Amino acid sequence: MQRGGHKGYAVYRIVIADVRAPRDGKFIEKIGTFNPNTNPATVDLNFDRALYWVETGAQPTDTVRTILKGEGVYMMKHLRGGVKKGAFDEAACQQKFDAWKTAKEQKLTAAKDAQSKSRQEAAAKALDAEKKVNEAIAKKVADKKAAEAAAKAEAEAAKAAEGENAEAPAAEATEAPAEA
């Protein structure tokens, strides 16, 4: 693998290189790319050339071996070995590989669906929790405003009562000297 991309965003080229060549040095052939930054990781592989090199004895690194196994290169190599031994013919080989590939794609699709479903459920739970918090805050604000309004009404009622009480003694006071 040869590293490319920029700092913090590595993208790799899957290459065939001589074992004596430096890591990012001269290579024989580029057979694909690997981008681990996407979810799931993106692999663009020339399947036929990868199979050719594996069958001719190329020794991949551990990471590349994992990528090749995931793409089915080693599965096809195994099935072609069965064809060479006469266990089954080329059509059966291709049929078995297609069945394996279909099963693998179904697993991947199911995993993606489960992941997206769990994200949607988590988002829905977060939204519900946020709604509950907002409702609690709104209730506290409404209670506070209601308490303030009640206190204000009480204060106005008290002022009105004081005003009526103050007017009555004043009226009595003005009437009393007139009678005297």
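Mentor: Burial first: a residue is buried under 20% relative accessible area, exposed over 50% and partly exposed in between, using a 1.4 Å probe and protein chains only. This is a predicted model, so local features need pLDDT of at least 70 and side-chain atom pairs count only at pLDDT 80 or more, while totals for chains, interfaces and linings use all residues. Residues are numbered from 1 along each chain as its sequence is written, and side-chain values use heavy atoms, with hydrogens and water left out.

On confidence, the protein chain has a mean pLDDT (the predictor's confidence in each residue, from 0 to 100) of 88, and 92% of its residues reach 70 or more. H1 comes out highest with a mean of 95, and H4 lowest with 85. Helices here are DSSP runs of H or I with at least four residues, and strands are runs of E with at least two, numbered from the N terminus.

Now the rings. There are four aromatic pairs in the structure; rings of Phe, Tyr and Trp (its six-membered ring) pair if their centres lie within 6.5 Å, with planes under 30 degrees apart called stacked, over 60 edge-to-face and the rest tilted. Phe 97 is buried at 8% relative accessible area, whereas Phe 47 is partly exposed at 22%. Trp 100 joins in too: ring pairs link Phe 47, Phe 97 and Trp 100 into a cluster.

There's also a charge on a ring. The charged end of Lys 96 sits over the ring of Phe 88, 4.1 Å from its centre (the rule: NZ of Lys or CZ of Arg within 6 Å of the ring centre and within 35 degrees of the ring normal).

Take Glu 29 and Arg 49, whose closest N and O atoms are 2.9 Å apart. They link distant parts of the chain, 20 residues apart: Glu 29 sits in strand S3 (residues 29-35) and Arg 49 in helix H1 (residues 47-55). Glu 29 is buried, at 17%, while Arg 49 is partly exposed, at 29%.

Another of the bridges stays within one helix. Arg 65 meets Asp 62 with 2.9 Å from N to O, and the two are three residues apart in helix H2 (residues 62-71), so about one helical turn separates them. Here Asp 62 is exposed at 60% relative accessibility, and Arg 65 is partly exposed at 26%. Then there's Arg 20 with Asp 18, at 2.8 Å from N to O. Arg 20 is exposed at 72%, and Asp 18 is partly exposed at 35%.

As for the strand that carries Glu 29, S3 is part of an open four-stranded sheet ordered S1-S2-S3-S4 with antiparallel pairing (strands pair if DSSP finds at least two bridges between them). Strands S1 (2-6) and S4 (42-45) stand at the edges with a single partner strand each, so one side of each has no neighbour in the sheet.

Definitions and conventions: Salt bridge = Lys/Arg side-chain N within 4 Å of Asp/Glu carboxyl O.
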